[in-house]
Amino acid sequence: MAAQDFYGSVSLAVSTVIFALKERALWVPLVRREREPYKGSWALPGGPLSPGRNLPDSALSTLESTTGLTPSYLEQLYAWGNPERSGGDGHVISVVYWAALSSMPDQEAEGVAWFSVDGLPSLAFDHAEILDYAVTRLRRKVAYSRIAHSFMPDTFTLTELREAHEAILGHALDPANFARQFRSSPALIDTGRHREGTPFRPPRLYRYDRSLTYADDGALARASSAPDDTQDPTC
């Protein structure tokens, strides 16, 4: 017997956990739900998969339509498909992406608020589980990839890069060891310039070699068409 005989229709959605750094901590934007179930609760931005659009395009378009944000990095995280996960709103399978921003926006879109991952509100559906998994995955990935660079501006100091790693990992790193390791990294290019206006010796400015990938996977797709603003902002 087909799955819909048991659970009704089965639909496919995409959601995105998007990270940015602020005050040496990881932050994420959440969307206030406008309808039941969980009306008024906070949730991850997302929406249904649009016909004729691939998964990365859908992740980008729903993210842009619900939050106004365009990430610097996008990677598929995992899929959640428990038949009971949607709280009576049908059987929704969510393909979840995680993304990175090089800086947090100055203003929030309507119905959107940023929260530290260490100070999250109660979340709708199974989004707390999803977010926890995304944080764990990011922290593991930063140890063997160059993913921290996706959070950085065009130029940065080694101290700023170390602070990004510390914010992601949630603990301090030895400054001397970190500088020794990354100063010789082929991924960093010395710009020959220095950060001006510091009280001490001006630190060197580096940039990331954009010919290299951030990690083993996760090429950023571009939205192929304008987002559908009429869709439900979460899933």
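Analyst: What follows takes the labels one by one.
This is a predicted model: local features need pLDDT of at least 70, side-chain atom pairs count only at pLDDT 80 or more, and totals for chains, interfaces and linings use all residues. Residues are numbered from 1 along each chain as its sequence is written, and side-chain values use heavy atoms, without hydrogens and water.

User: How many helices and strands does the protein have?

Analyst: The protein has five helices and 10 strands. Helices (H or I, at least four residues) and strands (E, at least two) are DSSP runs, numbered from the N terminus.

User: Why is His149 called buried?

Analyst: Buried means under 20% relative accessible area, exposed over 50%, and partly exposed in between (1.4 Å probe, protein chains only). His149 has 2%, so His149 is buried. His149 sits in the loop between helix H3 (127-141) and strand S8 (155-156). Leaving aside neighbours within four places in sequence, His149 is in contact (heavy atoms within 4.5 Å) with Phe156, Leu161, Leu188, Tyr208 and Tyr214.

User: What makes Glu75 and Lys141 a salt bridge?

Analyst: A salt bridge is a side-chain nitrogen of Lys or Arg within 4 Å of a carboxyl oxygen of Asp or Glu. The N to O distance here is 3.3 Å, and the two side chains meet in a salt bridge. Glu75 lies in strand S5 and Lys141 in helix H3, so the pair ties together parts 66 residues apart in sequence. Glu75 has a relative accessible area of 5%, so Glu75 is buried. Lys141 is at 2%, so Lys141 also counts as buried.

User: Which labels do Arg210 and Asp154 get, buried, partly exposed or exposed?

Analyst: Arg210 is at 45% relative accessibility, so Arg210 counts as partly exposed. Asp154 is at 62%, so Asp154 counts as exposed. Arg210 and Asp154 form a salt bridge, with the closest N and O atoms 4.0 Å apart.

User: How do you know that the buried residues of H5 are on the same side?

Analyst: In helix H5 (residues 175-183), Phe178, Ala179 and Phe182 are buried. They cover an arc of only 95° around the axis, so they are on the same side of H5. The arc is that of the directions from the helix axis to the C-beta atoms. These buried residues pack against helix H4 (158-169) and strand S9 (188-194). The face turned away from the buried side carries the exposed residues Arg180 and Gln181.
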